[in-house]
Amino acid sequence: MKELLDKIHIQAETGKPELLIELVQEIRPSSVNKHENADKRLNTLISILEENEYLRRSLRRYLREVFMTNDPVSLLTETGILSNKGFFAEGFQKFAQYFLPAAKEENVLQGILNESFHRKTDYRWIEKIPSKTWEHLFELLSLDKEAKYSFLQKELFHYNNALEIISHRIAGISLDPDLIDRFPLLEKPESPFLLQNRKIVLLLNKITLGGVDSFSSGDYKEILEVLEKCEEVITTLRHEQHEKGAELSLTYLIQRLHQHTDRLNVLLEILYHQREKDKVFPLVFLFKKLVKAENRKNNLIDHFYANVGLLAFQITEHAGKTGEKYITHDWKGYSKMLFSSMGGGLIVGILSCIKVLIYYLRLAPFGEAFLYSMNYSLGFIGIHLTKTTLATKQPAMTATKIAASLDVKGTEREALSSLSNLIVKVFRSQFIAFVGNVVIAFPVAFLVAYGYASYFGEQIAKDDKAMQLITEIHPWESLSLFYAGIAGVCLFLSGVISGYYDNKVVFARIPQRLREHKKLKAIMSEKTLEKFSNYIDNNLGSLTGNFFLGIFLGSMGTLGFIFGLPLDIRHITFASGNFGIAMFVLGDQISLNTVLVSLLGIAGIGLMNFLVSFGLAIYVAILSRGVAFSRVGLLFRLIGRHLWRHPMLFFFPPAKDKKDGGNETAITEKGTFTES
């Protein structure tokens, strides 16, 4: 360390960035997990600088040269801040630069920071080192008892330029038509975003004439009050997205506005505290933030979560509201779910037979995929219109409730109680829906096949096709479980689509636009149009979700055929219907062993449908709510313990007890207790 500082002492006036890169390398630990080594080395550097004034002055002079010969504006105004390209363009750029980094710009401080902290994990050991240690180092390097200004103030022109750029961008973003549509005040002269710009320009003119010491505490307090109002408006815009719906482009704009406002706040704080030589913590804060931003600037996951989080929350929240009806709480709801799912099984039994008839049309792949898709889509829409239930639609709809229960405010005991009860209710609701679908789809398909044979004098399917229907659900001699997982992904996506369109209805104000539609007004009475718009308001998400689910399920096999990939779907209710057709066609040709294995295959398909769709849905729901994944481990321990102690509650509601009013037992980490 001492040898490198001596080298910097000799070459201080050159301002070569290679020396800074070498200094960071001296401090950097060999592994992120060994951050204690970096802490020790940094303290060693501080000790050497405290003991050797000439080295301290040399390092300070060297850093001053680096800052004076390299433009810091892009570092201060762009690093860690979204560009104006938009979500997808920004994402594609990050993806491209991950494989082919952008060309290095000469004499730009942003590039030097990137080269100095070139490892993508550097920000982690920097954050592990106590802030007090960094502040001590910055005090040694930025304060010169014999100089009037610190090295930062010698670059006042660039710094003021960065402040002005950020301020102008804040004003420009706030005038975007999408934001003004949500908050008309933004285009008024009294808008805090326009007001901050006027005040920043006046302040910079004042500093240009009188120096940084002319930046009074009154000026600082006045601008801070305006920036606080800016943040209040940003918070209001975010909250309005919960009520009026969210859209990715608007979320991106609000995120950019917040980032610019936050950066302006930090830069002003640094500038103001340059007057008080003992305050460097805002500079340390910015340093850590810039290093992390540079390290993760091409990270697509960060980009996704930063912008899609609110939209995902809105989608899962809307899906959760739709899914409330899929959770049963007592015997009345349990029975209602059984009869509802039996209705869904009846429709699917008929759809299974129609699909077999489409197969015998021997159409081209596109035509076959189209008819399969329409068969599924119209059937699922029919299930929705008749208020019956398709069992596997439940998981994607109920996951939000599970995620919410993980984030219950209160004691750990209360959170675990809520989680325990809800998991059990969802599981048994899914179980009885499976039962209702399967026990009706099988006999309905069997009877339709019988009726077809009686009326037309021939079987609905030939023996080879019937045997294929049996083979396709074999649990280990076919890819039925893998294909059931693919169907689970499709079920999850349909839930996302339902939530997206429910959110879109709110965001785009579709019901209001329908009520004002001139052509609809001409062909519908006011009362009919009102009913129609209300129906769309409440059902568009479910209708589109069911339609796209049909497209996914109907075209997956054809896509697999076209691309030569193992792509297909298996759905428990359709598997049951197909088995009913095969049983009628083959009759005595099917052995008892085949029947038992087929039943096992149907159960396995249902389990995979549930696990995949539910797992994906709860993953997105948890991320969208910002729930800590460290608590998710409790979920699995809790389920296992509850299953061991009260297994029947997973399949049947608790019997009502006059003493406790029908309370349901919940399991905690330490024991059991009851909760209503």
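This is a predicted model: local features need pLDDT of at least 70, side-chain atom pairs count only at pLDDT 80 or more; totals for chains, interfaces and linings use all residues.
Is Glu53 buried, partly exposed or exposed? Glu53 is partly exposed, with a relative accessible area of 42%.

**Figure 1. Glu53 and Arg57 are joined by a salt bridge.** The side chains of the two residues meet with a separation of 3.1 Å from N to O. Because Glu53 and Arg57 are four residues apart in helix H4, about one helical turn separates them. Arg57 counts as partly exposed, at 27% relative accessibility, and Glu53 is likewise partly exposed, at 42%. In the structure as a whole there are 11 salt bridges.

**Figure 2. The chain is built from 29 helices and two strands.** The chain has 676 residues, and buried residues make up 51% of them. Among contacts in the chain with a separation of 6 or more, 81% are between residues 24 or more positions apart.

**Figure 3. The largest cavity has a volume of about 730 Å³.** The model contains four cavities of 30 Å³ or more. The lining of the largest cavity consists of 31 residues, and those nearest its centre are Leu63, Phe67, Leu113, Phe138 and Phe287. By class, 28 of the lining residues are nonpolar, two are polar and one is charged. Helices that each supply at least two residues of this lining include H2 (17-27), H4 (53-69), H5 (73-77) and H7 (109-116). Helices H9 (131-142), H10 (151-154) and H16 (281-295) also each supply at least two. The largest share of the lining, five residues, comes from H9.

**Figure 4. The largest pocket holds about 1700 Å³ of space.** The pocket is lined by 48 residues, of which Gly80, Lys94, Ala293, Glu294 and Lys297 are the closest to its centre. Two or more lining residues come from each of H5, helix H6 (87-99), H7, helix H15 (248-273), H16 and helix H17 (300-323). H15 gives the most, with seven residues. The classes of the pocket lining are nine nonpolar, 21 polar and 18 charged residues.

Figure 5. Glu294 counts as buried, at 2% relative accessibility, whereas Lys297 is partly exposed, with a relative accessible area of 30%.

**Figure 6. Arg570 forms a salt bridge with Asp568.** In this pair the closest N and O atoms lie 3.4 Å apart. Arg570 counts as buried, at 11% relative accessibility. Asp568 is partly exposed, at 22%.

**Figure 7. Glu368 is a buried residue without a salt bridge.** Glu368 is located in helix H19 (residues 365-385). The nearest side chain of opposite charge is that of Arg362, 6.5 Å away. With residues up to four places away in sequence left out, Glu368 touches Tyr359 and Leu363.

Figure 8. Arg362 is exposed, with a relative accessible area of 55%.

**Figure 9. Asp502 and Leu540 have C-alpha atoms separated by 6.5 Å.** Along the chain the two residues are 38 residues apart. Asp502 is found in helix H23 (residues 480-507). With a relative accessible area of 9%, Asp502 is buried.

Note on methods
Residues are numbered from 1 along each chain as its sequence is written. Side-chain values use heavy atoms; hydrogens and water are left out. On a 1 Å grid over the protein atoms alone, a cavity is a set of points where a 1.4 Å probe fits but cannot get out, and a pocket is an open set with protein on both sides within 12 Å along at least five of seven lines; lining residues have an atom within 4 Å of a point. Grid points are joined across faces, edges and corners, and a volume is the space filled by probe spheres set on the points. Ala, Val, Leu, Ile, Met, Phe, Trp, Tyr, Cys and Pro count as nonpolar, Asp, Glu, Lys and Arg as charged, and the others, Gly among them, as polar. Buried means under 20% relative accessible area, exposed over 50%, partly exposed in between (1.4 Å probe, protein chains only). Lys and Arg count as positive and Asp and Glu as negative; His and the chain ends are not counted. A salt bridge is a side-chain nitrogen of Lys or Arg within 4 Å of a carboxyl oxygen of Asp or Glu. Contact means heavy atoms within 4.5 Å.
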